[in-house]
Amino acid sequence: MLKRWLPAPSWLRHYRQSDLLGDLSAGGTVAIMLIPQGMAYAMLAGLPPVVGLYASTIPLIIYALFGTSRQLAVGPVAVVSLLVFAGVSPLATPGTDEYMSLVLLLMLMIGVIQLLLGLLKLGFLVKFLSHAFMSAFTSAAAMIIGLSQLKHLLGVEISSSHVLLIIKESVEQIAKIHPLTLGIGLLSMMLLIFIKKYAKRLPGPLVVVVMSIVTVYTLQLSEKGVSIVGTIPSGLPTLSLPTFTLDAIFSLLPIALMISFIGFMESIAMAQVIAKKENYSISPNRELIGLGLANAVGSFFSAYPVTGGFSRSAVNYEAGAKTPLASIITANLMMVTLLLFTGLFYYLPHAVLAAIIMVAVYKLIDLKIVYELFHTSRAEGWTWIITFSATLFIGIEQGILIGLILSILITVIKTIYANKEDKAIKHGA
């Protein structure tokens, strides 16, 4: 019974000493990658950078104990961060205590929803989220994320969150662009791309972060108008209690459902790819339980919604992770960072965090798939185009809703059509 709900004792009991080196290497590598990414994605969610570090501690340990994937790297991801901002910012001003309280409530709701789905064995529901829908939404979200960082990259004030208005405001403020900020951002992006292409073993984001901090501190660029992160609180995440009100719960329910499904879809897709390579099985329902507990418990430790990430999971696997111990090592290294090293990030420019986000999400944009979808299924092709356009130009929540309706309709129609064919074949036989 214990093994069914808590896989950890099983892999801990059979842990091989030969796996330790790989887990240590992967845990350290992912931590190095997660420090700048966690801060950047928290900023994308409208939260202080330190919250991204908090989200990279307790939730990772909880998932490692309850999840079924041995190599999935759970933590903050770009798409979920964008959805958090889209869902909570209309209800409270980002950066305020009310905003943080609502984010914690949202995380708890996501955790409860995922946990219930897992306990009720409803993991099959994600099959209604077609590949066309997920690809279209992810591509549009990546573009929105990239454009949302223009204000940090250019060093100007942009108040709009709509794609067309962001572009309009950016063009109108060309004369106000801060050259030093733009230079730091562009150089950071170029360096990140160069390292990714020609020096893959180097932790690109951390290299860029260290170089920019040293440069800003040495040349005192913060006094010349370069926006920096400033003081990041040190210490482990403290106990936090989400504020419960019926109005807040009803207001957040749609986005909580969206993040629950989309976050799980992203997580299970990567988990299954790695599991297939390593020849072991993944339980979708137990994955939901693991992610649900990670989010539910994390909401009481000043975190924000997490899920399994594509890039970090790939790095975790390639760096030699053999068991979930790698994620526990990552979480502990993040705690050490919170206790001892947050002061080192004082001079980190916001433009560098924007560069990290923009380079990270660029690879999520997949426009070539449209041609493939139209060749295999015109309905899937149109689902992609409509979902992409609605998400990009109407709004994130509206785009998801439209895409979901189309995705479910197509799935139902295909199922009915397949059943009719089966009956016709049996009748003919």
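The model is predicted: local features need pLDDT of at least 70, side-chain atom pairs count only at pLDDT 80 or more, and totals for chains, interfaces and linings use all residues. Residues are numbered from 1 along each chain as its sequence is written, and side-chain values use heavy atoms, without hydrogens and water.

**Exercise 1. Decide whether helix α6 is mostly covered or open, and list its buried residues.**

Step 1. Helices (H or I, at least four residues) are DSSP runs, numbered from the N terminus. Buried means under 20% relative accessible area, exposed over 50%, and partly exposed in between (1.4 Å probe, protein chains only).

Step 2. Find the helix. α6 spans residues 78-88.

Step 3. Count. Of its 11 residues, 10 are buried, so α6 is mostly covered by the 20% cut-off.

Step 4. List them. They are Ala78, Val79, Val80, Ser81, Leu82, Leu83, Val84, Ala86, Gly87 and Val88.

**Exercise 2. Describe the nonpolar patch on the surface.**

Step 1. Set the rule. Patch residues have over 30% relative accessible area (Shrake-Rupley method, 1.4 Å probe). Nonpolar side chains (Val, Leu, Ile, Met, Phe, Trp, Tyr) are joined within 5 Å.

Step 2. Name the members. They are Leu164, Ile167, Val171, Ile174, Trp382, Ile386, Phe393, Ile394 and Ile402. Together they have about 810 Å² of accessible area.

Step 3. Assign helices. α10 (163-172) and α19 (378-394) each give two or more residues. The largest share, four residues, comes from α19.

Step 4. Ile402 sits in α20 (residues 396-428). Ile402 is partly exposed because its relative accessible area is 30%.

**Exercise 3. Describe the cavities of 30 Å³ or more.**

Step 1. Define a cavity. On a 1 Å grid over the protein atoms alone, a cavity is a set of points where a 1.4 Å probe fits but cannot get out. Lining residues have an atom within 4 Å of a point.

Step 2. Count. There are two cavities of 30 Å³ or more.

Step 3. Take the largest. Its volume is about 170 Å³. It is lined by 15 residues, and Tyr41, Ala78, Glu266, Ser311 and Leu364 lie nearest its centre. α15 gives the most to this lining, with three residues.

Technical notes
Patches are made of residues with over 30% relative accessible area and no salt bridge: like charges are joined within 9 Å, nonpolar side chains (Val, Leu, Ile, Met, Phe, Trp, Tyr) within 5 Å. A salt bridge is a side-chain nitrogen of Lys or Arg within 4 Å of a carboxyl oxygen of Asp or Glu. On a 1 Å grid over the protein atoms alone, a cavity is a set of points where a 1.4 Å probe fits but cannot get out, and a pocket is an open set with protein on both sides within 12 Å along at least five of seven lines; lining residues have an atom within 4 Å of a point. Grid points are joined across faces, edges and corners, and a volume is the space filled by probe spheres set on the points.
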